[in-house]
Structures are given as structure tokens and as C-alpha cells.
Amino acid sequence: MSRRKGALPLKTNGSAIGRSKEDNNLIEALKLYEAKTYKKSLKLVDTILKKNSQHIDSLALKGLNLYCTGQKEDAASYVEKAITRIESSGASPIGCHILGIYMRNEKRYSEAAKWFQSSLDNGSTNKQIYRDLATLYSQEHDYKNLLKSRKLYWEEFMGYRANWTSLAIAHELNGQLDESANVLTKFEELAKGKLGESEAYEHNECLMYKNDVLYKAAGVDHEKLRAVLKHLDEIETDVFDKYGWLERRAAVFMKLNQKVDASKVYRTLIKRNPDNFKYYRLLEISLGVQRDAKLRLALYKKLESFYPRAEPPKFIPLTFIEDDTLFAKSLSSYILPQLKRGVPATFNNIKPLYKKNVSRYSAIAEEIVLKYFDSISPKETPIPYVWTCYFLCQHFLYLKSFQKAREYIELALAHTPTLVELYILKARVLKHTGLLAEAAETINEGRKLDLQDRFINTKTVKYYLRANMVEKAVEVVSIFTKNEGAANGVMDLHLMEASWFITEQAEAYFRLYIENKRLLHDEKSAEVPEDEDSQETHARRIRDLTYETKKFGGLALKRWDSISKFYKQFEDDQLDFHSYCMRKGVPRAYLEMYQWGKTVYTLPMFIRAMKGAARMYFILNDEMELSGRETNDDTIEEPVSAKKGNKKSKKEAAAIKKRIEEDKKTVAAYEKDEDPLGEAFISSKTPLQDFYSQFYGSFSKEATESSKDYILDFEYHLRCGKLALCVGAMSKYAEIYGKKDSILGAMTLCLLDRAKLSKKIDEVTKKIAIKGLERLLPELPLNQLDEGSFDWLSIFPQEFEGPSLDALLLIHRSTVEILSAENIKQQIIEKLREEEPAIQSSVLNYQLN
Amino acid sequence: MPVTIRRATIEDMLCMQNANLNNLPENYLFKYYMYHILSWPEASFVATTTDDVGGPADAVLEELAAGSGCRVSATKGDPCYVRSGEKLVGYVLAKMNDDPSQPSEALTGHITSLSVMRTYRRMGVAEKLMRQALFALSEVYRAEQVSLHVRQSNRAALHLYRDTLEFEVLKVEKSYYQDGEDAYAMKKTLDTEALQPANFQRGAEQDDLESDLLADLVREGVAEIEA
């Protein structure tokens, strides 16, 4: 799927005879550029510029050639020059075209579109530009201009189906469904009887696409829906995508309330894929049996006799059988065969039942499995024995009976110490009890039993990272990576877009940052010792800890930034497909990608990185605010210089330098990277802006009302001093979680704190915010705001539930000075008693300092 | 819920890439996954859990590990999750042969990658995924045969392909893999009718797709079936 990037208009206006030497040379230079011989092209351009340093097209082409040879800064300056000249003396179509290509390479798509458009406006006759424009407008979601350029291109090249398909899609994106269908129909008429076998697949996709359009246009109009059905019948023999065809047919029947017809289609679908849960659920609905438990069960028995090897007919009845005896019988015949076979996911398969009603389902399952466990012998039936232990461990882990969970996994391990899965589970139990290092060592034992399996390798790495054992993690992960030319696998994992690793590593670095910062703080606040030797140790320790703290903080931000870069890449990855999919003839898959493409910055792993980075950037911001100075001026290279001229200190300085160099090698994420330790990130003077440009800006643009995170939104705007926007976030939050929600109470206190005490926020802003708050929560004792003695925590539980642990933590990290920090801390510790050990230690270690 | 098998969409591709990175040494850039799903949209399949959001304790732990607050967001920040409650545990990534350097008379499908998370093995997930993919390659893309490579040391995979799915070993390709291991090049001839997934259910009876299911059930006696 290579695409010729930037085919240039070699034929410029006018004939060769009337052209200047400059122009002729430029044509030659363009040919050299086209042939990817950038250096030769550059040379020729330079000879033109030597005679005429202001030759616009040459300036632009020089920029483009420099860009292609990796000299991006110089490229930018020549492009700048060309643009300045154009502003004063006008443009040629060729110059504009070159600039458009440059901008597209730079991923500045809207500017690229502007230059391509100028090229046309200035008289370019190169119609291919319309297609390039369409690609750019697609990427920018500019539907109006997309339609225009698709149409102009289609008018020029009607002989290609791709152009009809793209025009139809452009119509659909503009909400013109009828026009879209008409374009598709017109092509079908023209092509009737002329399509060969090699075009049959594309034809099938386009026919189904037209049915999509008709279906969308039909809405709930029965007459139109019947037309959709008729269309389906007409295209049946030409459509290869039977799943798509049948699913559409069933959907139309359901909308027309022809449920019996729909049920037959669902039965056909089940026959094609008996393991798709969705078809069974839809069959139930079409048959109308949901309320009749007996009939419903009978239906599933029947389906099971048709499809004995399929999962849904076995499982779904468990979700609706009310009678305990019957349920126990069914559950037993669901679970026990799996235990006998040694299916690792037996417990996971029924976990959703536990989620639905833990006391009922867990009690019944426990009774069944314990009884079975008593009936088997470890010697005669080793496989059922060990997998039953495995099941019981998961069962008790779910119920948080850590002791019992531990007992069963130990039984299993004593029985079969060679089974990898047992180590994974034991590690999970240990993790829940807060023993992270032990968990990592345990899973590593399991890994050693199967060195070929990457799954267990990955799990082990994750556990090492959770235990902050980064070096060990990198060592293990590097077993499966390509490490040529690198100290370890970190670079390869970046190259291969391994988000899981980079995210986990970022989080480990963040925790190490917090730990080292605390140690540094302790060391700094310790008394300076009297004797010289101890003084030196003290100073060295401060110097080391300063370095480590900064290093880990920088690396955390660096890794999160890599995640942000991946998602930018995923967004850019779409570019080639705007025209590729048209040629390939896959309009439906293309539109799915197009819709997906509008949500990349709201996908789970981007959000996870964003939230991690938010914590770090907020800490940096808050520290800057508190100290009132711009912190972090000391660079990593020279941490606390020792006495000069001292031989010992010289030696030490050399040792430090060596260590930094080694660190840089082991953490390197990219081949050519001037800042492998992320110093620029951690030393930033503008943490909030950095957060916005790396994460929050893109997220906010794509997030919808429902996918927005209003707590994060609140915390961000609180730090920006935009209190009105804070109130906005609160009111959205209240719409979802209610006005009594504990977090809302915490937000209220944060906001009141800033309104009362902040010096950097002006009075008008404060007043507007308080007014907004009053409207949102009229019961608040806002008249107490000017009093010094009011206990603001008393709004819990009067106005809000709680305070919950989350609410207290939000207050804690927002430095709310109208409350006693010490008191909040005590309350958090109190609350933690109800939590499991893993959560206790996580909060104590990483959120309470 | 347990595992459901369905056709893959663009929304699954990041999770598929993650599963591949978790399970196998041969990895691809995201764009290569896009290229598959946008060139042969009907050829690839995924196995996902439905409605299985994990225990509340798990969710809280994940959030804490992620360093964010305690509140659980809509979709877990776990690279396995396609959407809330839906975790990808296996996939098959398939394509048609489009390599111009290997022109082939017969239309040939190719299995680019197949894997199932270790904790979801022994449930026949890989077989079910493969059966759907082979059926699709044959029915939608008119593939007459399908090819794949498998590591010589991967006994479980070899068993699946050779014994269960009836592929034949064409030859051994020396040092096919980056780490120097040899591969078996395997091939299977496809026949759409024979590939119908229902053929492998060994059901006691067949759904004729026409008769009135409910009337039949009532006639057979609901109470009896229940007992």
C-alpha cells in the first residue's frame, strides 16, 4: 500500500520554449525530487538560488528537499522565506503545491489544504490536487470542503468506481443520505453487466454499503424499511458478506415487528456462529420468551442439543434460573466438567454471576465445589484436584478471604509445582495482601518453568514493575525483544507501540519519584551532623537523592509522553486510508474507521496515561505555587557541587558523570534522543500548559458529555484558577452522581478554599464562582465564608454523603487550607482501615505525602 | 460472562495488538492491523469476554496502580479491554495473499497471527476462531486454499492445525523466525460447504431453520425438558 507521496505537476503552465532558465532548472530539480534524489535536487536548486536568491519556487523546493534529508530546522527557515515572499509578490501554482506537500509532511494538515487550494486558485491545472485535498479534508473532518473536492475530482475522473464511492461517502458525512444512495445507484446502472470477477468483492461491499445508507435513511418508516428488505433480496446473490446481510435482515424484521421472521434469521446466524452470545439474546427477544422462565430454559436446552460444543446455551440459563435447587444442578453441570478437564478460566466464566449477587451465587458455587473437592483424590485424579484448588483459591480471593485463598493455592502448588498458572494465581493473592515484591518473585518462579511463553514473561514484567523493581523488569522483558544496537528492550518496546509496558513503567517511575522525594525531604530536614565525614555523607546523600528524584520524575513524564505520541501516530495512521479504502472498495469498514478515528484520544490507555501525567504535572505545579519560586533550576548534570579543587570531589564528579551516562543508555527510548532522562519535562516551568498540550487539549476536543472526566476537569481548572469552569464541572458531575455525592462535597471545599484564600485569583472571578456555587447548591452555609472559625468539614454529612476515601484524598491533594491538613490525614488513615492491605499501602506510600 | 466469538472491527485492533505483544514474539505496528481490517474487513475474528468487569477489588487496584483516584472510570485502563466489561482474550488476524512477488494461480488466504491468552486456553477458543476465519476466507474472499507458518517447537499449535483443522505440512522453512527457529509452512484446501461451523458441533439434532421452535418445544413438553 505504498502511495506516491506528492506527485508534482511537472508540466507547468506555458510551453518549454517560453520558460526562463530558472523555471527549466526548477523542472529538472523537481524531477530529481520526484526520483527521491534529494541531494541532487538540492544542488540544482542552489544554483538557481545563487543567481536569484528570491526565487520563490526554489526556496520552497529547497525547504522540501531539506525536510526530506532530515534537516528540519533549515527546512522550516526556507519555507518561511518562501511564504514571506509569496505574501509580498504573489504565488505560482507550483510553489503553492510544493508548500502544500511540505505542510502535509509536517502533519500540518489544515495548512497543507490551504496551500493545495491556493495552487488551484493560482491556476494549477493538476486535477490530482483535488484528491490530495479530499484526503486532507477527511483527516481534518471538514465535511463541506470534502464534498466539494470529492465532487470536482469525480467530475474529472468518472471512470473509476472509487470516485463514485468516495462521493457517496462525502454525501453521507454531510447528512445527505438520498444523494449518497443516488450516486451509488447511478454507478450500478452504468456498470451493469460490465463487472468482472475481480471486481465482485468490491461490488459486494458497495451493495451492502448502499443498503446501509438506505437503512439509515429509513429510520422507523415502515414503507422505507420494506424497501430496504426488498433491496436485500435483490442483492442477495451478489453479497458475500452473509453475516452483514443476515444481521441487517433481522434488524429490519425487528423494526417492522415481524418477530417470527426475525427469529428465523437469528437461528440462521446462530448456525453460522454458535458462539456469539449476542445472537442468542436477540433470538430470545424475537421469540418473546424472556418472561417465561420455563419456556426460556426449554429453548436453551433445545439450542444446546443443536450446538453441544457452544458456550452460550450452557451459560445463559445460569443467569436467569430462579429456583435454587435447579440452579445448583445447572451450575454443577456447568462447572464440574470444566474442572475435570482443567479449564483455567472456570472461575472467570462464572465471575459475572458473583458480581450480580455475590451472596447467593458464591454460596451455591462454594457448596458444589467443596463437595466435589472432598470427593476427589489428589493421586487418582490429579488434574481435577489441582484445578479445583485453583478454582477455590480464586473463589476465596474474590470474597477477600485471603488466608483461605492462600491455603488452596499452596495445596495446589505442593501437588503440582510445575504448573505455571498456579504461580500466576499465587502472585495475585500476594499482590492483594500488599506483598508486591514477594508476588513478583513468585511469578518469576513460574516464568522459569516455561521460558518459551511470552504470556508468562509479560505477566512477570508487570509484577516487577508493580513492585517498582524496574531493572529486573527490563531484564526480563528484554528476553523477547529485539535488542540490536540497544542496551535492552526498552527501545524496541517503544518502536512496537507496547503501551502496556510503557504505561506500567511510567507508573513505576512515578512511585519511585514519590519515594525518593520523601527520602530527600527527610534527609534535608535531618540535623546536619557535626563531624566532617558525616557531613560529607549527608551532602552526598542529598545530592544522590536529588538526582534520583529528578530522574524518576523525568522518566515518568517521558514515558507518558510516549503514550501521547502513540495516539498521535494512530490518528495520523488514518491519512493513507482516506484514498486507499476507496480504491480497495471497502466503504463500510472505512466509515467504521472514520468514526473510531474521532475517538482515539478518549480510548482507555490514553486516558490512563493522561491521568498519571496529570498527577505528576499537578504536583509540579503545586510545588511551584507553594514555594513561590520557579523550582528545579538545578540540572541533573550538576547536582550540588562539592568543594572545588578537592581531589576526592573531582573523582566523585567523574563517578557521577559516568553514572548519568550509564543511566542514559539503559533508559533510552529512542535512537536519537537528546533528552533520554526527560529533564526537559521535569524542569518545565509550565506544567499545566504541558499537560494541556500533551494530553488534555486533545482529550477535551474529542470527549463527549458522557466520556468526559469531571473530577479531572475540576482539578485542572482549579489549578488554572478558572473557578467558573470548576463550577461548570461540578454541575455536570452532580447531574451524573447526584448533589449529595461525597466527591462533590470535596470539590465544594476546594473551590471555597480558593475563593477565600487564593491571592492570584481576582475578586470578580471569585464572586462569579461563589454565585454559581450558590445556584448549584443553595443549602450551603456560604455566609460562613468570612468567618474564621467555621468547621467546613461539617458540611459532611450535613450536605453531602461521607466523606468517602476518594473525597478525602481529593481534598488532601488539593491543599485545602481552610481545613486542617493533619485532620484530613488522620481521617484518611481511619478510612483506610476498611480497605484491603494492597490499597492501604498504596495510599499510604504514594498519596499521603 | 464467558467467551464470545465475533468478527473483529477497527475498535478491537488496539487490543488485538496488545494481545499479540503479550503472547507472541512476532509483533506488528498498529498500522499493519489497520491495513488488515481495512483490506479484508470480514476475515478476522476475536474472542472477548462479555460483561466480565472483574471484581470490584481488582478494579480499585488497577486504578490505584495507575496512580489516579479511586473512582472506577467507564472502561478499565487495561490494554485488554475493548469497552466496559469486554476483555479481548484471543484473536485471529487473517488476510488474502496480496504479495505481488508470490503470484499464485489459486486465491490464497493467509493466517497472519493467532493467539489466545494463556488463562483462557483449553476451551477450544483457538479452534473456534480458526473455523470462523477459514469459513470467511472461503465464503467472502473465495479463497481456494489457506496458508500459515508455525514454529517447529509449538506443539499445541501444530496439533491444532494438523490434527484438528487438517492442514498439511508443505515444507520446513529454515530459520524463518528472527530468533533462528524453523517454521512449518502449512496449507489447507478450502471448501465452503464443508467449512460451515455448525458441521463441527456434532449436535444430536439439527436446526432446520424453518419449523416453529416454540411450538415444537411446547409439543415436546416444557416440564419434561426441564426435568
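**Note on the predicted model: chains A and B**

1. Chain A contains 43 helices and zero strands. The model is a predicted one, and the remarks below should be read as describing computed features of that prediction.

2. On the overall build of chain A, the C-alpha trace extends over about 95 × 90 × 65 Å along its principal axes. Of its 849 residues, 44% are buried. Among contacts in chain A with a separation of 6 or more, 58% are accounted for by residues 24 or more positions apart.

3. One helix pair in chain A may be examined in detail. The axes of helix 11 (residues 200-218) of chain A and helix 12 (residues 222-235) of chain A come within 9 Å and cross at roughly 170 degrees. The two helices of chain A are therefore roughly antiparallel to each other, since the angle is over 145 degrees.

4. The contact between these helices draws on A:Leu207, A:Asn211, A:Leu214, A:Tyr215, A:Ala217 and A:Ala218 from helix 11 of chain A, which meet residues of helix 12 of chain A including A:Leu225, A:Val228, A:His231 and A:Ile235.

5. In chain B, B:Lys95 lies in strand 4 (residues 86-96). B:Lys95 counts as buried because it has 20 C-beta neighbours inside 10 Å, the cut-off being 20 or more. Leaving aside residues up to four places away in sequence, B:Lys95 touches B:His36, B:Ser39, B:Trp40, B:Ala43, B:His110 and B:Thr112.

6. A further lysine may be related to this position: B:Lys187 is 92 residues from B:Lys95 along the chain, and their C-alpha atoms are separated by 14 Å.

Key:
Residues are numbered from 1 along each chain as its sequence is written. Chains are lettered from A and ligands numbered from 1 in the order in which they are written. This is a predicted model: local features need pLDDT of at least 70, side-chain atom pairs count only at pLDDT 80 or more; totals for chains, interfaces and linings use all residues. Axes are lines fitted to C-alpha atoms, for helices over the stretch in contact, and angles run from 0 to 180 degrees between N-to-C directions. Helices (H or I, at least four residues) and strands (E, at least two) are DSSP runs, numbered from the N terminus. Angles under 35 degrees count as roughly parallel, over 145 as roughly antiparallel, 65 to 115 as roughly perpendicular and the rest as oblique. Two residues are in contact if their C-beta atoms, placed from the backbone, lie within 7 Å. A residue is buried if 20 or more other C-beta atoms lie within 10 Å of its own, exposed if 12 or fewer, and partly exposed in between; C-beta atoms are placed from the backbone.
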